[in-house]
Amino acid sequence: MTSVTEYVNALLNRKKISVSGLYGRITRGKIPEHFERLSTEHYKRLSWVVGPDALEKFLELTGYGILKEIGCKDEWIAARISEGMQFKLALFPEQPLTYIKLATWENVLFMVEKCFPEIPPGHFIKMHSHLDKLKTMPFLEIQKMAGFNFFQVKESGSSNPLFMTLKRFIECQVSLVDLRAFLYCEIGCSELFRGDGVGMTQDGKIAQAEYLTPTVPVSQLQGFVMVDLDLTPNMISV
């Protein structure tokens with residue numbers, strides 16, 4: 001298994017190594033307190049992480065390249081930088097008490113069920129009834145059914161009534177659009193999410209495996225280390 005120290009040394013020195021037994025997450029924030037949990041957004045109960053294959057790829061990339069590799073839009077990156085956000089790579093070995101699930105549609109629903117106990121049991125029955133359509137219907141078709149742009153709604157924030165918060169989801173009828181909006185807004189299953197455990201970049205290229213894990217304070221992660229990403233506005237083209 002690759003140690004965190006070994007990986008950080010390779011990252012800082014642009015050295016290619018084989019990686020095993022490590023996971024990572026790109027985190028962002030403005031103040032130290034923002035980096036105390038795996039997710040900056042306090043309401044996020046699940047965090048997206050990458051595994052050894054992605055971490056090996058990161059060794060070849062700049063900070064901007066890493067964000068693009070995990071599917072971030074140029075306009076999103078530029079907006080976060082203009083807000084004064086800093087980006088860091090959180091690293092930790094496989095944890096004995098924290099489960100990390102490959103991000104398939106089935107596992108996304110499993111993780112929601114585990115981490116959102118206030119969602120009524122009947123909702124989960126309806127959620128699973130939409131599983132086949134989640135797997136087969138293109139995202140743009142679902143978005144057309146919704147009648148709004150999911151990305152724009154998410155960027156506008158939870159004050160937008162179309163933003164599917166947990167509260168709104170609990171109160172809704174759980175249509176296919178309701179479910180997809182909840183997974184987009186609250187879980188982070190963007191238009192690039194394929195549901196087969198493999199990520200995709202903005203230019204349509206297949207990336208590396210992607211995983212979900214419960215959001216926890218980083219103090220609970222054994223062997224945890226955080227590394228600054230070198231990211232400047234002049235690297236962004238929008």
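**Exercise 1. The second largest pocket**

How many nonpolar, polar and charged residues are in the lining of the second largest pocket?

*Solution.* Start with the ground rules. This is a predicted model, where local features need pLDDT of at least 70, side-chain atom pairs count only at pLDDT 80 or more, and totals for chains, interfaces and linings use all residues. Residues are numbered from 1 along each chain as its sequence is written, and side-chain values use heavy atoms, with hydrogens and water left out.

Step 1. A pocket is an open set of points on a 1 Å grid over the protein atoms alone, where a 1.4 Å probe fits, with protein on both sides within 12 Å along at least five of seven lines. Lining residues have an atom within 4 Å of a point. Grid points are joined across faces, edges and corners, and a volume is the space filled by probe spheres set on the points.

Step 2. Take the volume. The second largest pocket has about 230 Å³. Twelve residues line this pocket; Arg-14, Leu-61, Thr-62, Gly-63 and Asp-230 are the closest to its centre.

Step 3. Assign the elements. Helix 1 (4-12), helix 3 (63-69) and strand 7 (225-228) each give two or more residues to the lining. Helices (H or I, at least four residues) and strands (E, at least two) are DSSP runs, numbered from the N terminus.

Step 4. Sort by class. Ala, Val, Leu, Ile, Met, Phe, Trp, Tyr, Cys and Pro count as nonpolar, Asp, Glu, Lys and Arg as charged, and the others, Gly among them, as polar. The lining has seven nonpolar, two polar and three charged residues.

**Exercise 2. The nonpolar cores**

*Solution.* Step 1. Define the core: buried Ala, Val, Leu, Ile, Met, Phe, Trp, Tyr and Cys residues joined through side-chain atoms within 4.5 Å. Buried means under 20% relative accessible area, exposed over 50%, partly exposed in between (1.4 Å probe, protein chains only).

Step 1. Size the core. The largest one has 69 residues. Those with the most contacts inside it are Tyr-7, Phe-58, Val-112, Phe-182, Leu-183 and Ile-187.

Step 2. Look for another core. A second, separate core has ten residues, including Tyr-23, Leu-38, Val-216 and Val-218.

Step 3. Inspect Phe-182. Not counting residues up to four places away in sequence, Phe-182 touches Val-112, Phe-116, Ile-119, Met-164, Thr-165, Leu-166, Phe-169 and Ile-187. Contact here means heavy atoms within 4.5 Å.

**Exercise 3. Salt bridges**

Trace the salt bridges around Glu-60.

Step 1. Pair Glu-60 with Lys-16. Their closest N and O atoms are 3.0 Å apart. Lys-16 lies in the loop between helix 1 and strand 1 (22-29), and Glu-60 in the loop between helix 2 (52-58) and helix 3, so the pair ties together parts 44 residues apart in sequence.

Step 2. Pair Glu-60 with Lys-57. This bridge is 3.5 Å, N to O. Glu-60 is partly exposed at 43% relative accessibility; Lys-57 is partly exposed at 28%.

Step 3. Asp-74 and Lys-68 have their closest N and O atoms 3.3 Å apart. Asp-74 is buried at 14%, whereas Lys-68 is partly exposed at 23%.

Step 4. Join shared partners. Lys-16, Lys-57 and Glu-60 form one network.

**Exercise 4. Loop residues**

Characterise Arg-14, Val-174, Val-19 and Glu-94.

*Solution.* Step 1. Check phi. Most residues other than glycine have a negative phi. Arg-14, in the loop between helix 1 and strand 1, has phi near 50°. Val-174 has phi of about 60°. Val-174 sits in the loop between helix 10 (166-171) and helix 11 and is buried at 3%.

Step 1. Take Val-19. It lies in the loop between helix 1 and strand 1 and is buried at 6%. Beyond four places in sequence, Val-19 contacts Thr-2, Tyr-7, Pro-52, Leu-55 and Glu-56.

Step 2. Take Glu-94. It is in the loop between strand 3 (86-93) and strand 4 (101-102) and is exposed at 53%. Leaving aside neighbours within four places, Glu-94 contacts Gly-21 and Tyr-23.

Methods. Salt bridge = Lys/Arg side-chain N within 4 Å of Asp/Glu carboxyl O.
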